[in-house]
Amino acid sequence: MSILIAPSILSADFAAFGAEIEAIEAQGADWIHVDVMDNHFVPNLTFGPQLCRAIRPYITTVMDVHLMISPVDPFIEAYADAGADYISVHAEATPHIHRTLQAIRATGKKSGLAINPGTPVEAATELLDIVDMIVVMSVNPGFGGQKFIPSQVDKVRRLREMIGDRPILIEVDGGITPQTAPAVVAAGADVLVAGSAVFGGGSVNNPSVYGANIQAIRAAAATAR
Ligand code: DX5
Ligand code: ZN
């Protein structure tokens with residue numbers, strides 16, 4: 001399977017989400033990564049289910065919703081109804097992560113387990129039969145434009161070993177650039193989230209920069225396959 005590039009709209013123009021999504025899809029984005037933050041689980045506040053509902057018609061690919069919120073259970077239905085395809089929740093956000101992942105699956109959506117840089121891969125051990133994707137955070141969540149944490153590369157490798165031949169994707173999220181992409185792909189990543197490395201230098205009026213940025217990450221990742 002070829003590497004999937006999932007630009008994070010956290011780095012997009014917040015006054016033009018629809019146009020930005022159309023632009024990055026036209027320029028080669030495989031998925032659209034939507035970073036939901038509540039200023040409780042992470043020290044930042046972004047958007048809620050209403051925004052996801054509003055941007056859904058502009059997304060012709062995959063809406064990959066990353067919930068950095070706690071509590072999370074009360075909002076699963078709302079993000080599913082808003083049109084999410086993948087709903088990823090943090091292992092650290094709830095003492096009942098097994099139930100939360102079951103609740104996502106019950107909506108018919110794909111379930112994702114996100115783990116912070118300080119959380120061991122063993123957090124996923126008992127959940128492998130109810131997740132469709134595991135998100136390895138390669139920055140501490142809350143902001144775009146942060147520096148990649150190199151220790152997470154070996155974590156991806158150990159996670160890939162743990163997953164074996166189960167149909168579970170590994171997504172790496174944070175600080176992904178053409179410089180950091182090869183290592184995480186070589187370790188076993190399938191989906192690369194990138195915000196600042198995709199949106200940096202471009203705009204809806206200059207979308208070819210988005211295309212060049214996506215292509216640079218894709219080409220770098222391909223060297224590791
Ligand atoms: C951080 C978010 C990431 C972030 C990625 O909490 O989960 O998706 O937006 O942004 P970059 O690629 O700039 O690190
Ligand atoms: Zn994210």
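Select ligand 2, the zinc ion: in this predicted model its donors include H33 (NE2), D35 (OD), H66 (ND1) and D173 (OD), at 2.1 to 2.3 Å. Donors are N, O and S atoms within 2.8 Å of the metal (3.2 Å for Na, K and Ca), and water is not among the atoms, so sites may look incomplete. The arrangement is octahedral because the six donor atoms subtend angles of 70 to 176 degrees (six donors count as octahedral if opposite ones are over 155 degrees apart and all others between 65 and 115).

Along the chain, the donor spacing reads H-x1-D-x30-H-x106-D. Now colour strands β3 (residues 63–68) and β7 (residues 169–173): H66 lies in the former and D173 in the latter, so the pair ties together parts 107 residues apart in sequence. Strands are DSSP E runs of at least two residues and helices H or I runs of at least four, numbered from the N terminus. H66 and D173 are both buried (under 20% relative accessible area, 1.4 Å probe, protein chains only).

Next, show the whole sheet. Its eight strands are parallel and open, in the order β1-β8-β7-β6-β5-β4-β3-β2; two strands pair if DSSP finds at least two bridges between them. At the edges stand β1 (4–7) and β2 (32–37), each with a single partner strand, so one side of each has no neighbour in the sheet.

Finish at β1 and β8 (residues 191–194), which are joined by four bridges. Pick P7 and its bridge partner in β8, A194.

Residues are numbered from 1 along each chain as its sequence is written, and chains are lettered from A and ligands numbered from 1 in the order written. Local features need pLDDT of at least 70, side-chain atom pairs count only at pLDDT 80 or more, and totals for chains, interfaces and linings use all residues, while side-chain values use heavy atoms, with hydrogens and water left out.

Notes
Four donors count as tetrahedral if all angles lie between 85 and 135 degrees; four count as square planar and six as octahedral if opposite donors are over 155 degrees apart and all others between 65 and 115; anything else is irregular. Buried means under 20% relative accessible area, exposed over 50%, partly exposed in between (1.4 Å probe, protein chains only).
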